[in-house]
Amino acid sequence: LITQVAILDWDVHHGNGTQEIFYEDSHVLYASLHADIYPGTGAAAEAGPADAAATGRNVNVMWPDPTRYPAASDGDYRAALDVLLLPIMRAFDPALVLVSAGFDAAAGESFKLALSPALFAHMTQELTRLPAAPPLVVALEGGYHGPSVGACCAAVLRVLLGEEAAPLPHSPPTSRGEKALLAAVRAQAAAWAPHVSEAAARRYLEAERGRGASAVAPPLKRRRCR
């Protein structure tokens, strides 16, 4: 009997229907990574009913509207996975993981997020490495640009078939992405302490910024000794 189910929704649109169905169900963890576009739901504060067993079972990371601001990057998604989603999933300990795999945030789609197939492979691989190794079901949801959907599907399927995902190139989180992620961390910290904390998230983001700066720093000029 499966009593604990985790759902990760990485479609560019918020899964408002899924959230509504499971919002008061403490046995289902719903986590969504989405942009602030249609349908307009999925704010970080929508974390489950207050003072109930289901508090913290609804996790929203709402990236800025990519038509108005710089779009969320591979680095933003990786940061959300590292400091928020994976710690929560490990603590929740699901017996089954479902992925709502919309690829409309991928490069080539019209929503301007330009996420790479390598990122989707990386996220899938991280889910396969949860401590109890729960069964993983990935359901194709969306995507409108055939070549992009095909490349992302192939990257995910290779991981599901047992191939090691290629290392994800470093991409530092964007400034607006950091703000969105920290809002989600603050909304979840009380329910998931000590696994999630704003202090730990800020340390991670600072380290990622440092990695990005060192990667682009110009070489030191050598001075000739007379």
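Tutor: The model is predicted, and totals for linings use all residues. Residues are numbered from 1 along each chain. Helix α2 (a DSSP run of H or I, at least four residues) gives this lining its largest contribution, 3 residues. By class, the lining has 2 nonpolar, 3 polar (Gly among them) and 3 charged (Asp, Glu, Lys or Arg) residues. Its volume, the space filled by probe spheres set on the points, is about 30 Å³.

There are 2 cavities of 30 Å³ or more. Around the largest cavity lie Met-89, Arg-90, Asp-93, Pro-94, Leu-130, Pro-131, Ala-132, Ala-133 and Pro-134. Of these residues, 7 are nonpolar and 2 charged, with no polar residue.

Open space comes next. The largest pocket (an open set with protein on both sides within 12 Å along at least five of seven lines) has a volume of about 170 Å³. Its lining numbers 13 residues, with Met-62, Trp-63, Pro-64, Arg-176 and Ala-180 nearest the centre. Strand β3 (58-63; a run of E, at least two residues) and helix α5 (175-192) each give two or more residues to this lining. The largest share, 4 residues, comes from α5. The pocket lining comprises 8 nonpolar, 1 polar and 4 charged residues.

Note on methods
Predicted model: local features only at pLDDT ≥ 70, side-chain atom pairs only at ≥ 80, totals over all residues. Heavy atoms only, no water. 1 Å grid on protein atoms, 1.4 Å probe; cavity = no way out; pocket = protein on both sides within 12 Å on 5 of 7 lines; lining within 4 Å.
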